[in-house]
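Hello,

Here is the structure I promised to pass on.

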Amino acid sequence: MRPPGRGGVPPASPALLLLLLLLPGLMQLLGAPRGVGAGTGAGAPSELRVRVRLPDGQVTEESLQADSDADSISLELRKPDGTLISFTADFKKDVKIFRALILGELEKGQSQFQALCFVTRLHHNEIIPSEAMAKLRQKNPRAVRQAEEVRGLEQMHMDITVNFSQGGLLSPHLRNVCAEAADAIYTRQEDVRFWLEQGVDSFVFEALPKASEQMLLPRCGQVGDRGKPCVCRYGLSLAWYPCMLKYCHGRDRPTPYKCGIRSCQKSYSFDFYVPQRQLCLWDEDP
């Protein structure tokens, strides 16, 4: 019998042992992957994770990403009830996309989750440029951020839907962001008019029932029959985002220079038509 552990395997050579000892250092020198976000070279998307305080006082983590090549910014946060909120700003196309993944209540016969997308015109003074966002760093990752400015609630009536199969013509980000909400992508006539003037094809958009017809419909919270059409309302909030650049004056500088950011919080309320009350079970308010 052979002694335990030998098994006839020849002993490792000194050269092989030396290679094994040097392997970790060689991997680092050769640029082996070091996890998510390892690439921080020019043009690589940058990510910033911050702890933020929600309007109800609870704390959650928010992820902000900037891609200076695509000239876009994205923000994502998870609410305490599990709802995932994301926001994408496409500066090249003057488009902003809000997405909500709402967890369903299985005991009430709801699906696992419901997805909604709201697409509106982006005004470039709403949020800092992508190249400025890409340069943001934080000294204390454990600090809880609270917005310096609370901007007013914006209420929007969404009376147009976006054709998902053609949505890439409006923004290349839409196909990815709104993939789960292919049948629930809403926008507004006033924004559509602007995009049409910019050369977007009209077949990207589809009309919902006219505003005059929708005014005759009740709010979903007032409808008991889950098969009846109604006007649904969904609200969301961006708890913390860099909305403006700060400029400082120095004695030895003739012109103001960038020296920080101002953070904002903003809430949105979207009203939109649904063919069945079943598609708006969260709207319980009259």
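The mean pLDDT of the protein chain is 83, with 80% of its residues at 70 or more; pLDDT is the predictor's confidence in each residue, from 0 to 100. This is a predicted model, where local features need pLDDT of at least 70, side-chain atom pairs count only at pLDDT 80 or more, and totals for chains, interfaces and linings use all residues. Residues are numbered from 1 along each chain as its sequence is written, and side-chain values use heavy atoms, leaving out hydrogens and water.

Please be careful with residues 1-42: pLDDT stays under 50 there, and the model has seven contacts for them beyond four places in sequence. Contact means heavy atoms within 4.5 Å.

Now the overall picture. The protein chain has five helices and 13 strands, which are DSSP runs numbered from the N terminus (helices: H or I, at least four residues; strands: E, at least two). Of its 286 residues, 39% are buried; buried means under 20% relative accessible area, exposed over 50% and partly exposed in between, with a 1.4 Å probe and protein chains only. Among contacts between residues at least 6 apart in sequence, 63% join residues at least 24 apart.

Just after H4, Gly 199 takes a positive phi of about 105 degrees.

Further along, Val 204 lies in the loop between H4 and S11. Val 204 is buried, with a relative accessible area of 0%. Leaving aside neighbours within four places in sequence, its contacts include Thr 161, Val 162 and Leu 169. Val 204 and Val 192 are 12 residues apart in sequence and 9.6 Å apart in space, C-alpha to C-alpha.

One last thing to look up in your viewer: where does Val 204 lie? You will find Val 204 in the loop between H4 and S11.

Best wishes
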